[in-house]
Amino acid sequence: MAISREQPLLLLIVSLFLLPAALGATKFQTCNTGHRYPVDVKTVKISPERVKPSTNANVTITGSTSIDIPDGATVKLRLTVGMYPVSTKSYSLCDITACPVAPGPIVLNFSNVFTKKELSAYAYYIVIDIAADPERESMMCVWFACGISHRSLHSQATN
């Protein structure tokens, strides 16, 4: 049986990113390794842990900020498949966390991250960043992988 070019990439994504998610943690990285963003992300949690086409994903990011974040800041959530952009969603900061945001703990909550069409894929990289305006440097930027399980428990039990 021939292996397509996409299968090794999918296996790499599963082995590097989805195994930690199955253990209750979502592995993430900052977008610019070595750069210290004013918002220091401590955890990223995807729920449910097993995203399926019949469900959706919620993402919670916890961390702390060393600066005030203006109410007009924009939070962008970008979905990519490999290096290929799929969609970008923009949120007002106050739609995903309590405002005003002063130095200290911060929790960002994203509900129903995927559209119905996006749930048909098997995996995405998700990039989330916060910027006061498009001309300024990001105050936070993280990326992580999220898999979508297309195997149902019922079909596994009957096979």
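Me: What makes Tyr-125 count as buried?

Reply: In this predicted model, Tyr-125 has a relative accessible area of 18%, and since buried means under 20%, Tyr-125 is therefore called buried.

Me: Why is Trp-143 called partly exposed?

Reply: The relative accessibility of Trp-143 is 22%, and because the term covers values between the 20% limit for buried and the 50% limit for exposed, Trp-143 counts as partly exposed.

Me: How many aromatic pairs does a search of the whole structure find?

Reply: The search finds 3 aromatic pairs, and one of them is formed by Tyr-91 and Phe-110, with 5.3 Å from centre to centre and 75 degrees between the planes.

Me: Which parts does the pair of Tyr-91 and Phe-110 tie together?

Reply: Tyr-91 belongs to strand 5 and Phe-110 to strand 6 (residues 104-110), so the pair links parts that are 19 residues apart in sequence.

Me: Why is the pair of Tyr-125 and Trp-143 called edge-to-face?

Reply: Their ring centres are 5.5 Å apart and their planes stand at 75 degrees, which is over the 60 degrees needed, so the pair is edge-to-face. Because Tyr-125 lies in strand 7 and Trp-143 in strand 8 (residues 140-147), this pair ties together parts that are 18 residues apart in sequence.

Me: In what order do the 5 strands of the open sheet stand?

Reply: The order is 1-8-7-4-5, with antiparallel pairing.

Me: Why do strand 1 and strand 5 stand at the edges?

Reply: Strand 1 (28-30) and strand 5 (84-92) each have a single partner strand, so one side of each is left without a neighbour in the sheet. On average, and with direction ignored, neighbouring strands of this sheet are turned by 20 degrees against each other.

Me: How do you know that strand 4 and strand 7 pair?

Reply: At least two bridges are required, and 7 bridges join strand 4 (residues 74-81) to strand 7 (residues 123-131), so these antiparallel strands count as paired. Within this pairing, Arg-78 has Val-127 of strand 7 as its bridge partner.

Me: Where does pLDDT stay under 50?

Reply: Residues 14-23 form one such stretch, with 13 contacts beyond four places in sequence, and residues 153-159 form another, with 2 such contacts. For the protein chain, the mean pLDDT is 85, and 79% of its residues reach 70 or more.

Methods. Residues are numbered from 1 along each chain as its sequence is written. This is a predicted model: local features need pLDDT of at least 70, side-chain atom pairs count only at pLDDT 80 or more; totals for chains, interfaces and linings use all residues. Side-chain values use heavy atoms; hydrogens and water are left out. Helices (H or I, at least four residues) and strands (E, at least two) are DSSP runs, numbered from the N terminus. Axes are lines fitted to C-alpha atoms, for helices over the stretch in contact, and angles run from 0 to 180 degrees between N-to-C directions. Rings of Phe, Tyr and Trp (its six-membered ring) pair if their centres lie within 6.5 Å; planes under 30 degrees apart count as stacked, over 60 as edge-to-face and the rest as tilted. Buried means under 20% relative accessible area, exposed over 50%, partly exposed in between (1.4 Å probe, protein chains only). pLDDT is the predictor's confidence in each residue, from 0 to 100. Contact means heavy atoms within 4.5 Å.
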